Amino acid sequence: MLSTPSLFQGNARRWRIAPPTPAADAALVGSTLPPLAAHLLARRGIAAAPAAADFLAVSEHLFEDPAALPHIEQAVARLHAARERGEMVAVYGDFDADGVTGTALAVKALTRFGVRAISYIPHRVSEGHGLNNAAVDALRERGAGLILTVDCGVTDVGPVAYARSHDVDTIITDHHHVPDGDLPEAVAVINPRAPHSAYGFDHLTGVGMTLKVAQALLAPEHPLDWADGLLELAAIGTVTDMAPLQGENRYIVHHGLAQLRATRSVGLRALLAAGRVEPAHASAETIGFTIGPRINAAGRLDHADTALALLVTDDPEQAAALVVELDALNGERQRLTEETLTAARAQVPEVLPPLLAVGDASFNPGVVGLVAGKLAEEFGVPAFVYTLEGGQVMASCRSTPGFHWAEALGACEDLLTRYGGHAQAAGFTCTADALPLLTTRLQDLAAEQLGDAPPAPEGVVDAEVTLRELMGPTFTTLRRMEPHGVGNPSPVFLTRGLVVEQARTMGADGAHFRLNLRADGARWEAVAFRQRWESGTGAVDLVYTIGVDHWNGAERLRLTVLDYAPSPLAPLAH
C-alpha cells in the first residue's frame, strides 16, 4: 500500500483515506495473508487469526445453534403437537421481501415436516404491518388452530390475545426491536433481541429467524438435507432486508448463494431468466438488483401474494406468467419512486434540519420507504417520508449512522398509533394532528444525538494502491471476502495516474460511461453508473471497487468507478 495524504477530492465528493493498519494488527491476522488483505480484514474488525480463518472459510462456527434461541423448545413442541393432531398451521408473514421469503420458507419447511400449512400476508395499505383481528378470524374460518408469524408479531399484544381468546395459538418469530413493556402472550416469542434471549447473534432477519425454526424442527429428522431449497430463500431475504453480512448472516448468504446457483426452484429460475442472469453466476448483487426488487414490488404496489406464489410454485407456465406480472409492477415501482423522489426533494428546506420529514397525500405508500432511503443517503440525515389517508399518516423511516429509529419512535410512543422496526429502518402511523409535534420531537432527538449540523458527505477509501497490488494472492483473498453488502462492503480503492485510452458514454441520456485504462503495462476496463464523464480527460485518479464480470461465458476483471478526478500524474489529452 502507498503512503498517501488522508483526503482525496473527487468530482462527486470528498474521500477520507483510511490509515494503514499497524503492523502488529496485521500480524495478528496471520503472516500467510497478503498485507493488503490483512489491512482490509482489520478494517472490518477482524484482527485475530482464528476470526480471520472463520471469516474467510465461512466456517460452520458462524452458524449458531438454534437451541439457544428463546422459547424454541416450546415452539418445536407445539409444532410436533400440530403434526400429531393433523392440525392446520397458518404462516402469517410480512409484505416485504424478507417476510415473503420467510413465509415461503416456513410453508416449505412445515410441509416437509408433515404439517398442513397455509399462508397469509396482509395487504400493505388496507391491513398494514403485523397481525390483526380480522386476519385471525379469516384464518380460523380456514381451519387454522396455530399461527406462526414471520417478520412480525413482537408488538402485537392485542391481536395475539384476541387469537388466544378464540382458541388459536400463536408462535411469534420476529427480529424487530422489542419495545419496553409486556410481550404478547404467545406459545413462544422467538426473537434474538428479546430480553430473555441469550442467542449469540442478534442481526438475523425475519427469514433468518424462520430458517432457525426450520433447522430446529427438521435437522433431527433430516440431518443431511434439511436446508435444501431453504437457504437460497434465506439468502434472498437477508440481502434484500439489508442486514449486516457478518457472523451468521454471512454464513446464510454464502451457502444460500451456492444453493441459488444450482437452484431447482421453478420460480427462481424464471426470475433469474427475466433478469438475464445465468443461475451459475448469481451473486449478492443479483439478489439486490434483480431478485429482491421484483419480489418487493408485489407488496409495494399490489399484493405480496403474487411474489409468494412465484416462490412456491412448481408449474413453469404459472411461474412465467407471475414473472411477467412482477416485471410490470417493478417497472411501475421504478417510475413512481423517481416521481416521488423529485417531489420529496422539492420539500427539503434550504437550511437542512437534523432530521428530514417530507410527505404528501399523493405519495404512494409502497414507495415512501425507498424515497426515505434515498433522501437519507443524499442529504446525510435521518429521514421519514409519509403519505396521508383519511386523517392518518403512514410513514417509512430510514437512518444514517448514529441514529436509532426504533428507539426514537419508542420515545415518542404517546403520539403514535402504531410503530415498529429497527435501528436503520422503521415505520409508523399517527394522526395528522399529531404530525407537527412528532416531527419536532424527532428532530430534537436527532439534534441531540447527531448535532445540529449534518456532516458533509464523505466517502471512505480502504487503501490507496497500484493495480498491480490487487493481483495474485491478494485478489484471491479479495474473492474470499465475498459476499459483500451491508456490514461487509466491497473494498474501496484509490489509484492515481491511470491513462485513459478510450472513454465512451452509455445510456440513452449519457448518464453512464465506460473507460479503457492503461496502468502497470496492462489494460483495464472500468464502468461508471449515474456519473458524467469530463471529455478531454487523459488521465484519472480513480476511486473504485474491483470485481469479476461475466460476458459470453468468459470472466474478466472490471473496475466499478465510484468517483474520479483528472490526474496531474499524466498529461491531459488535447
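Predicted model: local features only at pLDDT ≥ 70, side-chain atom pairs only at ≥ 80, totals over all residues.
Helix H2 spans residues 35-43. Seven of its nine residues are buried, so the helix is largely enclosed by the rest of the structure. The buried residues are Leu36, Ala37, Ala38, His39, Leu40, Leu41 and Ala42.

The disulfide count is zero. For cysteine 152, the closest cysteine sulfur belongs to cysteine 397 and lies 18 Å away, too far for a bond. The closest cysteine sulfur to that of cysteine 397 is in cysteine 430, at 10 Å, and this is also too far. Cysteine 152 is buried, with a relative accessible area of 0%. Cysteine 397 is buried as well, at 0% relative accessibility.

Eleven aromatic pairs were found in the whole structure. In one of them, the ring centres of phenylalanine 63 and tyrosine 251 are 4.5 Å apart; the planes meet at 20 degrees, so the pair is stacked. This pair links distant parts of the chain, 188 residues apart. Phenylalanine 63 sits in the loop between helix H3 and helix H4, whereas tyrosine 251 belongs to helix H10. Phenylalanine 63 is buried at 15% relative accessibility, and tyrosine 251 is buried at 7%.

Phenylalanine 384 and tyrosine 386 form a tilted pair, with ring centres 6.2 Å apart and planes at 45 degrees. Both residues are buried. Ring pairs join Phe384 and Tyr386 with Phe403, Trp405 and Phe428 in a cluster.

Two arginines lie over aromatic rings. The charged end of arginine 13 is 5.4 Å from the ring centre of tryptophan 15. Arginine 83 lies over the face of phenylalanine 113, 3.9 Å from the ring centre.

Notes. Residues numbered from 1 in each chain as written. Heavy atoms only, no water. Buried < 20%, exposed > 50% of the residue type's maximum accessible area, 1.4 Å probe, protein only. Helix = DSSP H or I, 4+ residues; strand = E, 2+ residues; numbered from the N terminus. Disulfide = S-S within 2.5 Å. Phe/Tyr/Trp six-rings, centres within 6.5 Å; stacked < 30°, edge-to-face > 60°. Lys NZ or Arg CZ within 6 Å of the ring centre and 35° of its normal.
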